[in-house]
Amino acid sequence: MRRACQFVLLGIVSLLGETGAHAQVSFYTAVDLALRNSTPVRINAADVQHAEAAVMQSIDAYKPSFSVGSSLGYSYGFPVGQPSIYSVAANSLAFSFSQPDYIRSARAALRAAQLQLKDTRQQVILDTALDYVQLVTVNQQMTALDQETSFVQRLVEIETERVGAGLDSKVELTQARLTGAQIALRRLHLVDQGDLVRLKLAHLTGLNPGDIVSEPQTIPAPPEAANSLEIDGNTGIQAAYASAKSKMYNAFGDDRQNNRPTFVFGLEYNRYAKFNNYNEYYLRFQHNNFNVGVQITLPLFDATRTAKAKGSSAEAAQASAQADQLRDQTGEQVLRLQKSIAELAAQEQVAELQNELSQDQLDAITTQIRLGSGNPGAAAPLPKDEQGARIRERNHFVDMLETRYQLTQARLSLLRAMGRIEDWAKSTSAARP
């Protein structure tokens, strides 16, 4: 009895362990984990930090930099250097016509990096949402195909018996077996598709592929298609224009480096050694030396700076044109998605009606088999007719799920193009059954 109890307890523990190995992940949890762990978000977050450092670097050019050093050594003959015990120096930019433009350029680049991070977050939300919805769809389709497989197996058994009894030709049996092979092939494709989707979700969320179990009821309701072509909320376009603005300011700064003075503040103190022979060659030599002042530099001709200014101006023009191109392409994408949504909505309605019709036909056949046809002159449906109706109903159901996923994919892509995908992902609306 004690050993039996031990076996029971061991079985319960192992069962609990297997249950805990596959944690259910809600839609919101998957999106939140993706925003925290996805590599694109981390890459763009590092770009934002780099841009912040660039802004500080451009501003800190006006702040003095202090340094302490020593060049202590022995000299013989005429001194050729300044061997000092220690020296203290400070330098900073006092005034430059170009530096304010460089600061504006750095700030615009920071704004572009922040917008690009936000745009990347929206793309991660879209990828996670589509993968999650696709995983739910694949699981539902596989369940339907498993049911369809059982109906096909029953149909093969019926046809085998009827062929053996001489009631049907072998063609009917071969057709039933072909249907079963087609279903198996389709299910194999769904298995591969589901494994790939789980792996993509695992890369986005940081979870193990085998631990991801979806919760269909947590998916927000599919959004309704927008009729406007407004793309002002697209952060990718905003980031492109901010980047173009940054390059424009950088071009202004490079151009103003020519024929304009630069003022640099400097301060230096040196303590020279007493055991060197400076006093033999310099009149009134002293060990403490200090100087402070402003260095003014006026570039009269510098071909390198002129060429750099031309290159910066070309980069700014290119960035502006690329931003306009992205704006136009996004507008075309929005219009194309709106048109495809209308077509997919019509296809979804057709698929739903086909599934409803096949369900009605199945109900009619099962009723006739159970109660009779009600018409003495009409032939009663056979069991193989019932299995065929069940197969068609499941097949239409799988097609309806695929069409519904394609419609959801188009709607979410439209929200992504308009910059509204994050608002939908955070909504708490119940999913459509």
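**Strands, helices and a cavity**

Q: Which residue in β3 is the bridge partner of Ser65?
A: Asn91 is the one: Ser65 has Asn91 as its bridge partner in β3. Keep in mind that this is a predicted model.

Q: What makes β2 and β3 count as paired strands?
A: Two strands pair if there are at least two bridges between them. Five bridges join β2 to β3 (residues 84-96), so the pair passes that cut-off. The two strands run antiparallel.

Q: How do you know that β3 and β5 pair as well?
A: Use the cut-off of at least two bridges again. There are 11 bridges joining β3 to β5 (residues 262-272), and these strands run antiparallel.

Q: How many bridges join β5 to β6?
A: You'll find 10 bridges there, and β5 and β6 run antiparallel. With at least two needed, these strands therefore pair. Gly266, for its part, stands opposite Gly293 in β6.

Q: In what order do the four strands of the open sheet come?
A: The order is β2-β3-β5-β6, with antiparallel pairing. On average, neighbouring strands in this sheet are turned by 15° against each other, if you ignore direction.

Q: Why are β2 and β6 called edge strands?
A: Because each of them pairs on one side only, β2 (65-69) and β6 (288-297) are the edge strands.

Q: Why is α4 called roughly antiparallel to α6?
A: The axes of α4 (residues 99-164) and α6 (residues 235-255) come within 8 Å and cross at roughly 165°. Angles over 145 degrees count as roughly antiparallel, so α4 is roughly antiparallel to α6. As for handedness, α4 passes α6 in a left-handed crossing. The residues of this contact divide into nine nonpolar, 10 polar and seven charged.

Q: What makes α7 and α8 roughly antiparallel?
A: The axes of α7 (residues 303-371) and α8 (residues 383-418) come within 8 Å and cross at roughly 160°. With the cut-off at over 145 degrees, α7 therefore counts as roughly antiparallel to α8. The crossing of α7 past α8 is left-handed. In the contact of α7 with α8 there are 17 nonpolar, 14 polar and nine charged residues.

Q: Which residues line the largest cavity?
A: The lining is made of Val25, Ala30, Tyr132, Leu201, Thr205, Leu207 and Ile212.

Q: How do the residues in that lining divide by class?
A: Six of them are nonpolar, one is polar and none are charged. Val, Ala, Tyr, Leu and Ile count as nonpolar, so Thr205 is the polar one in the lining.

Key:
Residues numbered from 1 in each chain as written. Predicted model: local features only at pLDDT ≥ 70, side-chain atom pairs only at ≥ 80, totals over all residues. Heavy atoms only, no water. 1 Å grid on protein atoms, 1.4 Å probe; cavity = no way out; pocket = protein on both sides within 12 Å on 5 of 7 lines; lining within 4 Å. Axes fitted to C-alpha atoms, helices over the stretch in contact; angles between N-to-C directions. Parallel < 35°, antiparallel > 145°, perpendicular 65-115°, else oblique. Left-handed = near helix turned anticlockwise from the far one by under 90°.
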